[in-house]
Structure formats: structure tokens, C-alpha cells
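Keep the picture in view as you read, and look up each residue when its name comes up.

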Amino acid sequence: MRFDKLAPYSPMFLDAIGTTIQYTVISLVLGVILGLLIGIVKLSNGPVAKVLKPLTVAFTAIFRGVPLMVLLFLVYYATPQVTGIELNTFGAGIAVFGLNTAAMTSEVFRAGIYSVPKGQTEAALALGVPKKMAMMDIIVPQALRSILPAIVNEGISLLKTTSLISVLGVADVMRTAQLVMSQTYTAFEPFIVSAVIYFIMVYVLTFFSNYLERRLRKGD
Amino acid sequence: MIEVRDLHKSFGSLQVLNGISFTIEKSDAVAIIGPSGGGKSTLLRCINMIETPTSGKVLIDGVDMTDKKTNILQMRQRCGMVFQDFNLFPNMSVRENLIYAPTKTKGESRAEAEERAKMLLDKVGLLSKYDEYPKKLSGGQKQRVAIARALMMNPEYMLFDEPTSALDPEMIKEVLGVIRDLAKEGMTMAIVTHEMNFCRDVSNKVLFLDQGVVAEYSATEEFYACPKTERARQFLQKVM
């Protein structure tokens, strides 16, 4: 085994880590915010929510039913053809990964919010607190506590899923391993390195979530 | 003054309230009693529109609560409510539970709200729990904090929905004591309760609710001395 052969490529791997983190973090943040909003829409009975609800259900169904690789190709290659708008790989990747995260977490949020006892909303209303404010300050924080593990799982899965962006030629960790393989004529070493990088990043994420969970639990 | 006029409430095909009319005068302490399933809690929840009545009117100081143009949030602040299962916010400390609504909805300053929170906690005997989280409190303590939280809005009326039903016997007394003090201070209140001795002791009027109608509404002494209706008589015999 010749890991020393990889030494000249370590700056490439470092850049790749940055790229993977970038795709993961931006998609996760956008996806979780959008997922929360969609989750709330799924639970609401207001006039606006009634119109949006079928759309959110269809949205979730599409992302559940179609492989991300297919969606990625559709968004990247077919959008310019249909709309004339050129999307760069970054835009296409963030759109597909972000929306996918939104679709998955919206269900998690829906279930989590639904599990908070009704009396909590009623107590807030009885104090003259508007419903939206009660949702954001009282219901969602309680829901978050129970769904945080599920959200982190989604983040972990997203981190690994971003390796799909390599098929569009983006030099993330996965693509970099491929490039190094083609230049060094070794396969084992670069892919082992990429595997270890992904593993460590997931491990850090898990550690961070345990810390967050402990902090959120201070109330019980 | 709270006026309830011909109030109806049904859940699907189930008629819970069947034309309720009565008036709560300033400084009244009205005990709402009656058999289970008679609609006592539903009636209370319709007064501050936590439950939307099917038909009929609720007027608080002449303001129609069922009117869509009424600022219902503002009206609810004048009408505090205490629930059977406390409903403290578990993600907030006792202090935060108390100051949350006044600072967020009335624009009260934090310092001012905290000052009043301490005063009210002292009043219910729980100043030492100021920075505690609800999880650490006993049932009776939770309910006293819930009462203090409702009082933070400076309500003119208080609605108690079975405030002691979820409590162990030894904790009932401390909660009833707080409610009794409030009644003595002249707070206008309606209490749904199963505590007959307390009801006799604290209320000045008794509303006997049976099968969604007001079977009897009279002065407390009168009600206990000689109930007018047969149903109320039977009920009293069973529970006293």
C-alpha cells in the first residue's frame, strides 16, 4: 500500500472537504427551514394552508419516489432545455439536496409538532398569545427536542448523499478520490481516504447532536 | 360582567351545550358543578373562545366574544384561565413562564415583568422556585405557578377548569388556598370543581349544569340548603 503517493494530493482533498461541507450545510439549513414551514402547513387548517396542502403532499411524494440522481440530472440538464435558464452545478445541487431535505424533514416536523399536547397551545391562547407566536416560541421548541435525533439522521444521510454531486463533475470528496485514482493508478488508497473522511465528518455531526440534545433537555 | 346568552356547542352530532344563559356579576365567585359529561369544562372554554361556540353569544363587559371583529387576544388577557393539567411550558423556567406573555404581547419591560413575577410567586408561596424548571415542581406547585402566570396579565376575570382534579389529596389544599385568597380579594371568577366543601365555602353562586342545560343557578347558601330541582338534590346527596 502506497499512501505516501497521495501526499501531493492532500490540498485537493482539503478543498474537497470544504466543498462537501458547503453542499451539506447550505442544503441542510435551507431544507430544515423549508421543511419546518411545510410541516406547519401540513398541520394547519387556515385558508392559505388549505390551498398549499395538496402541493406539499405531492412535493413529499415526488422526492420520496424518484431517485435523487434522476432529479439531479433533470434539474441540471433539463432545466436549460425547458426554461432557457442555465443552472450551475452549485445551484442544481443545492436545489435538489435542499428540497429533498425539506421533503423528508417536513414529515418529521409534522409528527413532532403533532406530538406536543394540545393544552400547550390552549394555555398560550388563554394568555392572549397569538397562535403563530405560540407555535414558534412554545410548540416548535418542544417538538424540536423530540425530533432532533431524526433531523440529525437526515443531516448525516444528506452528507453522504452529496457525493452524488460528483456525477456533475464537482470536486467533492468522492470526485476527488476518483481524480486521484486516475492520476496515481491506485484505487484502494484514495477511496479509503474518502471513506475515512466521510466517516469522521458523520462522527463529528453525531457528537454535535448529542451535545445539542443535552442542552435542549435542560427543561426535563 | 360576563353574560352568556343562549349558548350552544356541539362536537359533530354530540350536543354538549344546549342553550345556556346566565350572568356573572363583578366580584362573583361562581362554582360550576354537575355530573361528568354535563358540559362544565366546555362551557368555561367557550367563555374565552378556546372552544368556538356553535351558536349563541358571550359578552364580557358588553364586548361580544363571538363577533369576528372583536380583538379576541386582548379580551383573553382580561380573562385568565387555569387548566386541570397546568399546561406550564416545559421548555421555559418558572420565571420565563410568567414573563413570556406580558413581555411578548403587552410590551412590558423585562425588568418590570420580573419584578411582578417575583411578587406573584411570593403571593402563591413559591418565590424560591423562581429559576426552577416545571419538571422539578410537584403538581400543587405547578398549579400555583399556573395561577401566578395567569395573574401576570392582570386579568379582571379568572376561569378555573377543575384546578385540583389532577392533584394528590395533600396538594389540593395549597391550591384551593390560593384560589380562596383571590376570591376574598374580590376577583371575579368561575370555577369548575368537584370539591363540594370548597365550593360551599368560597363561591357565592352555584351553577348546576346537567346534560348541557343550566338546571339551577342560585346563591350558594340557598343551593346547599334547599336545591330547587330534583336533579340537583340527587346530585348533592351522591357527592356530599
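## Ground rules

A residue is called buried if 20 or more other C-beta atoms lie within 10 Å of its own, exposed if 12 or fewer do, and partly exposed in between, with C-beta atoms placed from the backbone. By that count B:Asn87 is buried, because it has 24 C-beta neighbours inside 10 Å.

This is a predicted model, where local features need a pLDDT of at least 70, side-chain atom pairs count only at pLDDT 80 or more, and totals for chains, interfaces and linings use all residues. Residues are numbered from 1 along each chain as its sequence is written, while chains are lettered from A and ligands numbered from 1 in the order in which they are written.

pLDDT is the predictor's confidence in each residue, on a scale from 0 to 100. Chain A has a mean pLDDT of 91, with 99% of its residues reaching 70 or more. Among the elements of chain A, the lowest mean, 89, belongs to helix α8 (residues 188–216), and the highest, 96, to α5(A). Keep in mind that where pLDDT is low, the predicted coordinates should not be read in detail.

## Chain A from end to end

Helices and strands here are DSSP runs numbered from the N terminus: helices are H or I with at least four residues, strands are E with at least two. Chain A has eight helices and zero strands, giving the pattern α-α-α-α-α-α-α-α along the sequence. Its C-alpha atoms fill a box of roughly 70 × 45 × 25 Å along the principal axes. Of its 220 residues, 34% count as buried.

Two residues are in contact if their C-beta atoms, placed from the backbone, lie within 7 Å. In chain A, among contacts between residues at least 6 apart in sequence, 75% join residues at least 24 apart.

## Chain B from end to end

Chain B has nine helices and 10 strands. Its radius of gyration is 18 Å, close to the 18 Å that the globule rule gives for 240 residues, so chain B is as compact as a globular protein of that length. (That radius is taken over C-alpha atoms, and the rule is 2.2 Å times the number of residues to the power 0.38.)

The C-alpha trace of chain B spans about 55 × 45 × 35 Å along its principal axes. Buried residues make up 46% of its 240 residues. Of the chain B contacts with a separation of 6 or more, 62% are between residues 24 or more positions apart.

## Where the chains meet

## Nonpolar cores

A nonpolar core is a set of buried Ala, Val, Leu, Ile, Met, Phe, Trp, Tyr and Cys residues joined through C-beta atoms within 7 Å. The largest one has 110 residues, and B:Ile32, B:Ala148, B:Leu159, B:Ile179 and B:Met189 touch the most other members. Helix α4 (residues 89–114) of chain A gives the most to this core, with 11 residues. Another core, of six residues, lies apart from it and includes A:Val173, A:Ala177, A:Val180 and A:Val193.

Now zoom in on B:Ala148. Leaving aside neighbours within four places in sequence, B:Ala148 is in contact with B:Leu98, B:Leu120, B:Leu121 and B:Val124.

## A buried helix and its lysine

Beyond neighbours within four places in sequence, B:Lys40 is in contact with B:Ile32, B:Gly34, B:Val192 and B:Leu209.

## Positive phi angles

Just after α1(B), B:Met49 has a positive phi of about 65°. B:Asp61, also not a glycine, has a positive phi near 50°. B:Asp61 lies in the loop between β4 (55–60) and β5 (63–64) of chain B, and counts as partly exposed because it has 13 C-beta neighbours inside 10 Å.

B:Asn87 is not a glycine either, yet its phi is positive, about 55°. Look for B:Asn87 in the loop between β6 (79–82) and α3 (94–105) of chain B.
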